[in-house]
Amino acid sequence: MKKLATIVFVVLCVCTLAIPALAGYPEKPITYQIPFGPGGQSDLEARRQQPLLEKALGVKVIVQYKPGGGGSIGWANLISQKPDGYFISGINIPHIVLQPLARGNAGYETDQLKPIALFQATPIGLAVLKDSPFKNLKDLVTYAKENPDAIVCGGSGTWSGHHIAHLQFSKAAGIKMTYIPSKGAAKSVAAFLGGHVMALWGNSNDLVQHADKIRVLAFGTREPFPNMPDAPTFESLGYKIYASIDRGAGAPPETPDEVIQVLEKAFLGIANDPKVKEQMKKDGFVPIAMGAAESKAYIAEKVVEWAPVVKEFKK
Amino acid sequence: MFDFALTGLYQVFIPGNFLVLCIGVFMGITFGALPGLTATMGLALLVPFTFTMSPSAGLIMLAGIYVGAMYGDAIPAILINTPGTPAAIATTFDGFPLAQKGMAQHGLVAAAVASSFGSLVANVVLAAAAPPLAEISLKFGPPEYFWLGIFGLTIISTLSSGSLIKGFLAGCIGMILSAVGMAELGGDIRLTFGFTELQGGIELIVALIGFFCLPEILSSVIGQRRAAYAEKMTKPSLDVIWQVITALFRRPTLMFRSATIGTIIGFAPGAGGNIASMVSYNEAIRWDKHPEEYGKGTIKGVAASEAANSAMAPGSLIPLLTLGIPGSPPAAVILGALMLHGMRPGAELFTDYADITFAFIMGLLVAAFLVTIIGSFGSFVFSRIINIPSRYLAPAIVFMTVLGSYAIRNNMLDVWIMFIFGIIGYVSNKLKFHPAPIVLGLILGPFVEEGLVQSILAGKAAGGTFQYMVYRPISGVLIFLCIMSLLWPLFAAWRSKQKEAKVTELTGSKAERDVRDA
Amino acid sequence: MPDMSAPQSTKQLNADLIVGAISLGLAALVFFSTRELSELGGVFVDYILVALTALAALTIIKGFIKPERIEFFESAIERNNVLVGIGILLLYLIFLPMIGFLPASYAFYFCFNMYLADERFTTKNILSSAALTIVVVTAFYFIFHNFLEVPLPEGKWFE
């Protein structure tokens with residue numbers, strides 16, 4: 001009897017010791033790294049979230065920039081940080097999938113980033129200027145079949161969401177088009193508006209901003225894009241192309257699940273906040289709220305989808 | 001439009017807003033002045049503060065920061081040969097020699113007045129003609145960027161007044177350095193030799209501190225044990241301010257030309273103001289009757305550089321406000337701030353949100369005036385800084401540059417790069433191999449590459465790369481300018497030989513003259 | 001006319017040859033490191049390499065025809081000064097990540113300040129040096145770390 005009591009007592013003591021370790025998180029300020037420079041979309045989202053995160057978590061959230069390599073420097077830094085939940089980073093899909101696939105050594109591996117949540121989707125659409133001779137996607141495809149490589153499409157970056165969408169679509173439609181990368185979405189939009197490319201693989205928020213000057217031939221979404229319900233989806237035209245840039249948050253590998261849960265709850269709370277959703281929709285984004293497990297599955301799905309595309313087109 | 005301007009002006013002078021503007025200008029000058037901190041960083045750090053304010057107040061503060069930083073970067077450029085931000089590189093060319101001659105205050109006041117003037121001119125253009133200019137800026141396509149980059153490189157022929165070959169050699173080295181890291185357009189990683197931190201490339205400011213600041217310290221302070229940074233002490237006085245202002249007002253062509261160059265380069269999206277000051281400096285030399293004065297310490301050089309780099313700021317806001325395309329990194333941060341306040345760039349800024357937009361623009365204008373006042377009076381304090389004995393000043397400067405280099409990307413490797421470039425810069429100076437062309441190559445490399453690669457791709461699709469790159473109106477103009485720019489030094493040399501020949505004809509050879517005049 | 005009065009304690013160097021040789025070396029290094037780049041990534045590098053090699057060759061040729069001779073260090077004292085200065089800086093950078101930003105900076109500022117002083121190691125010097133070190137370094141650290149929230153290296157030895 002005494003032995004049992006001692007054991008129970010010891011177990012209780014150990015439990016109470018452990019509780020502060022868990023219930024204590026978070027106690028110190030948390031660093032939220034943005035793997036891009038200030039002023040970009042990822043920065044904007046983080047700034048929007050910052051006060052709400054501080055309220056939800058009860059500690060200060062410090063936004064830190066670590067730009068370079070299209071995000072790879074930030075993610076390489078993330079995996080080397082202590083997995084105690086006090087250092088998290090924004091993550092972007094497809095970047096974190098495509099960079100290790102395309103570069104061989106990006107400084108990190110896709111599965112090393114432990115996702116916390118995904119909260120924003122930016123569907124990618126293919127657009128032309130209002131005065132373009134292509135009135136719909138079919139026109140474009142027909143022209144491309146007759147004039148291989150003549151159609152010039154702009155987009156942001158190489159081995160990026162835009163580039164992959166271009167490659168996937170070209171393959172699906174059996175055509176060859178030229179892809180001209182620009183340094184960043186803003187520059188690709190400038191090149192498009194100036195008439196230097198014939199079509200643009202654009203992010204939904206940019207397309208919404210210039211909606212009065214352009215015609216969207218198709219969106220890479222499953223459902224029609226709410227801000228532009230008349231624009232068809234690739235799927236409805238017969239091409240299974242789903243392209244979007246998704247933003248979320250991730251933590252170093254080995255971060256304990258309990259810690260991830262706390263962060264996940266905070267992020268999802270913000271993602272489901274009606275005011276936040278309203279703002280995102282107004283700017284042309286699609287608010288999403290995927291938790292840690294769902295995000296992990298989504299990322300794994302994308303790896304499977306894109307690995308063969310990269311392999312095929314990378315020479 | 002006038003009534004909007006007036007309401008905007010009224011907004012700026014509301015006590016709360018005006019206070020915030022002044023704070024912004026102070027912070028801007030500070031950020032611009034500390035090497036390693038940039039206008040972009042300053043704006044990014046202070047944007048969250050602006051959330052709690054009304055949109056007008058927040059934007060007015062950002063306006064103050066931007067304008068302040070465009071002046072602030074001249075301070076270290078003049079005092080310690082270190083551009084506070086890359087935009088002030090050309091300010092070191094004449095600014096530091098001025099400080100050496102004990103005329104640091106002249107330089108500082110010239111910088112303040114020229115900055116204000118440049119800002120003013122560009123703001124008027126912004127307020128009056130933003131939308132049509134933005135349309136023009138869109139016409140800059142890949143070939144135009146390529147030729148603009150090449151034009152920038154031709155400046156090397158003026159900068160390397162000694163040996164043209166070595167100057168262009170330095171430029172090529174700079175361009176190779178710019179290739180380190182991820183190739184934006186190819187996606188490959190280049191020249192990182194296994195250092196993953198180098199994937200982001202070589203940070204420009206780190207290279208600048210290395211090439212400009214450290215060699216000066218190594219050679220004078222350490223090598224020659226010079227007790228003070230400058231050869232002569234600076235004695236600030238009120239007269240100087242008045243002298244400089246009148247001197248600059250007597251040169252309206254210089255001022256207007258520099259401001260115009262800055263505004264134009266500002267609104268070519270992404271071209272970045274980093275080259276505005278150098279192009280303006282180059283043009284100032286080209287059109288001056290006494291080009292030999294440049295480089296030895298003349299306020300004309302400082303004015304040309306500063307007017308242009310300050311004009312660049314409002315210029316870069318033109319494509320931003322009308323199309324949402326930032327013309328420079330600080331503009332990108334301002335875009336973020338606008339979006340956070342729910343204001344989307346485009347026509348609505350000038351209609352639905354006109355009162356806030358014009359408050360912002362007027363804020364830029366008033367900030368320009370503030371810069372003259374603060375800069376002129378501040379020059380008393382600032383110019384005394386280099387009178388501090390170097391054994392106190394130099395360690396502080398090195399310490400600050402280490403801090404700054406680290407702070408940019410939170411990367412220790414950057415500090416090492418700064419150190420290595422410092423040594424390279426020191427050795428280069430000894431080998432009479434000026435580092436300025438290397439920096440020019442580093443800045444322009446990405447433009448030239450982007451223009452080249454995109455043009456090749458588009459040219460292939462269009463049927464002929466050469467045709468694509470040359471048979472275009474704006475490209476044609478730029479190509480013409482490049483050729484002119486390259487040949488000009490030869491023409492100028494020929495012209496001065498003619499003058500010399502004429503003088504010899506009239507008064508005997510130089511040797512004879514020297515004997516006579518002795 | 002050669003200057004016979006200056007002590008020839010450091011030798012004259014042919015600046016053109018040195019610059020040209022280093023540039024050629026650089027070109028070779030870059031050439032061999034970039035053979036596996038994709039077409040888009042490599043085209044610019046190739047063009048620049050051509051220009052670089054050509055200019056380097058021209059510089060070397062000039063080095064033989066009309067060399068620009070320079071004296072690297074004006075005196076042995078200068079050389080020693082510079083080497084010590086570089087040494088102090090090098091030590092600073094090496095120790096920074098090891099013992100942390102603040103301690104390393106204190107040490108650096110103090111050493112550098114002492115080194116630059118004309119008379120060394122008088123008590124007055126040491127005290128004033130130390131005082132200045134603490135004030136200047138701490139002030140900047142405060143502004144950057146606490147006010148601007150810029151992260152600075154913490155010492156690895158202290159983790």
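## Fold of chain A

The C-alpha trace of chain A extends over about 90 × 40 × 35 Å along its principal axes. Chain A has 315 residues, of which 59% are buried.

## Extent of the interface between chains A and B

The size of an interface is often given as the accessible area lost when the parts come together. For chain A and chain B, the area buried between them is about 3600 Å², and carbon and sulfur atoms account for 60% of it. Three residues, K183(A), H196(A) and Q209(A), contribute 18% of the area that chain A buries against chain B, which is more than any other three residues supply.

In terms of residues, the contact involves 43 from chain A and 45 from chain B.

## Polar and charged interactions

Between chain A and chain B, 12 residue pairs are in polar contact, counting pairs with both residues at pLDDT 80 or more. Two salt bridges are found across this interface. A salt bridge links K187(A) to E450(B), with a distance of 3.2 Å between the closest N and O atoms.

## Elements of chain A that face chain B

Several secondary-structure elements of chain A each supply at least two residues to the side that touches chain B. The helices concerned are helix 2 (41-57), helix 3 (72-79), helix 7 (185-193), helix 8 (204-209) and helix 10 (274-283); the strands are strand 2 (61-65) and strand 6 (178-182). Strand 6 of chain A gives the most to this side, with five residues.

By residue class, the side of chain A that touches chain B comprises 16 nonpolar, 17 polar and 10 charged residues.

## Confidence of the prediction

For the model, ipTM is 0.84 and pTM is 0.84. Chain C has a mean pLDDT of 78, and 86% of the residues of chain C reach 70 or more.

Residues 1-10 of chain C have pLDDT under 50 throughout. For this segment of chain C, the model contains six contacts beyond four places in sequence.

Conventions
Residues are numbered from 1 along each chain as its sequence is written. Chains are lettered from A and ligands numbered from 1 in the order in which they are written. This is a predicted model: local features need pLDDT of at least 70, side-chain atom pairs count only at pLDDT 80 or more; totals for chains, interfaces and linings use all residues. Side-chain values use heavy atoms; hydrogens and water are left out. pLDDT is the predictor's confidence in each residue, from 0 to 100. Contact means heavy atoms within 4.5 Å. Buried area is the accessible area (1.4 Å probe) that two parts lose on being put together, summed over both. A salt bridge is a side-chain nitrogen of Lys or Arg within 4 Å of a carboxyl oxygen of Asp or Glu. A polar contact is a pair of N or O atoms within 3.5 Å; within protein, one must be able to donate a hydrogen and the other to accept it, and residues adjacent in sequence count only if both atoms are side-chain atoms. Helices (H or I, at least four residues) and strands (E, at least two) are DSSP runs, numbered from the N terminus. Ala, Val, Leu, Ile, Met, Phe, Trp, Tyr, Cys and Pro count as nonpolar, Asp, Glu, Lys and Arg as charged, and the others, Gly among them, as polar. Buried means under 20% relative accessible area, exposed over 50%, partly exposed in between (1.4 Å probe, protein chains only).
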